[in-house]
Amino acid sequence: MTEEHGHGVPVVSWVASGVVLWSTAFLLVRTLLPKRSYDFCNRAVSVMHAVTGVGLGCLSVQDWASPVSPVASPSSPSQMRALAVTLSYMIYDAACCHLSGDARLDNALHHLISIVGLGAGLAYQRSGTELVACLIVTEITAPLLHLREMLKEVGIKDTDLNLLVDVLFAVTFSVARMVCGTYVTYRTVTAANPILIKTMATSLLLVSAYWFLRIVRMVRHKLGKKRPAPKVAAK
């Protein structure tokens, strides 16, 4: 990956400065919220990135009448910028999770697939449309994902608010990743994209499907707990 890609977008500078920015944001949140855990502060930064990433992604869409077009085409400068910012966050988050001792296989695979896929797109200077669409459908679910865990830390547990956030997250995840994400993956693998990008798109969909099954079980469990216990007839 050279310094200049995407018609003059300084990719390496964006990625390097982004890693510094997200790391600084984490340290700032830790300073402002000293009583909150390492995980809470990292999730706060993750929400910041989700808003930033989705915003940059949406601004880079060339035609909202057909947002996943054109495929297998050269990336625009705005697409390259959005992907570089998200790649920098993924590098930061992978390091942050490693330092916290988070060794979950699914999380590690998510980071690996995202970093390789984004890096490939930036190196090839193409497939920006598909990668930005993937960025939007994955990161749009992040705020609710992290809000679920942050609410627990501030002492809000087993309430109607928790259940509402869980259900909203499940619905958003299902629509964004399993419906829109499947369509984006189909457009990616059927277009003349590099095999590495096709492989990463398929792999990310498989990870999302695994998480989807876990989310369905979680929601069924939560809704089951909310059902009133059957009344026992008096003898």
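The legends below describe close-up views of a predicted model. Residues are numbered from 1 along each chain as its sequence is written, and side-chain values use heavy atoms, with hydrogens and water left out. Because the model is predicted, local features need pLDDT of at least 70 and side-chain atom pairs count only at pLDDT 80 or more, whereas totals for chains, interfaces and linings use all residues.

View 1. Helices are DSSP runs of H or I with at least four residues, numbered from the N terminus. Gln79 has 2% relative accessibility and therefore counts as buried (under 20% relative accessible area, 1.4 Å probe, protein chains only). Its side chain reaches the backbone nitrogen of Ser76 at 2.9 Å. Beyond neighbours within four places in sequence, Gln79 is in contact (heavy atoms within 4.5 Å) with residues including Ser60, Pro74 and Val132.

**View 2. The cis peptide bond between Ser69 and Pro70.** Omega is near -5° for this bond, and Pro70 belongs to the loop between H2 and H3. Most peptide bonds are trans.

View 3. Most residues other than glycine have a negative phi. At 32% relative accessibility Gln125 counts as partly exposed (between the buried limit of 20% and the exposed limit of 50%), whereas Ser127, at 0%, counts as buried.

Technical notes. Polar contact = N/O pair within 3.5 Å; in protein donor to acceptor, adjacent residues only side chain to side chain. Helix = DSSP H or I, 4+ residues; strand = E, 2+ residues; numbered from the N terminus.
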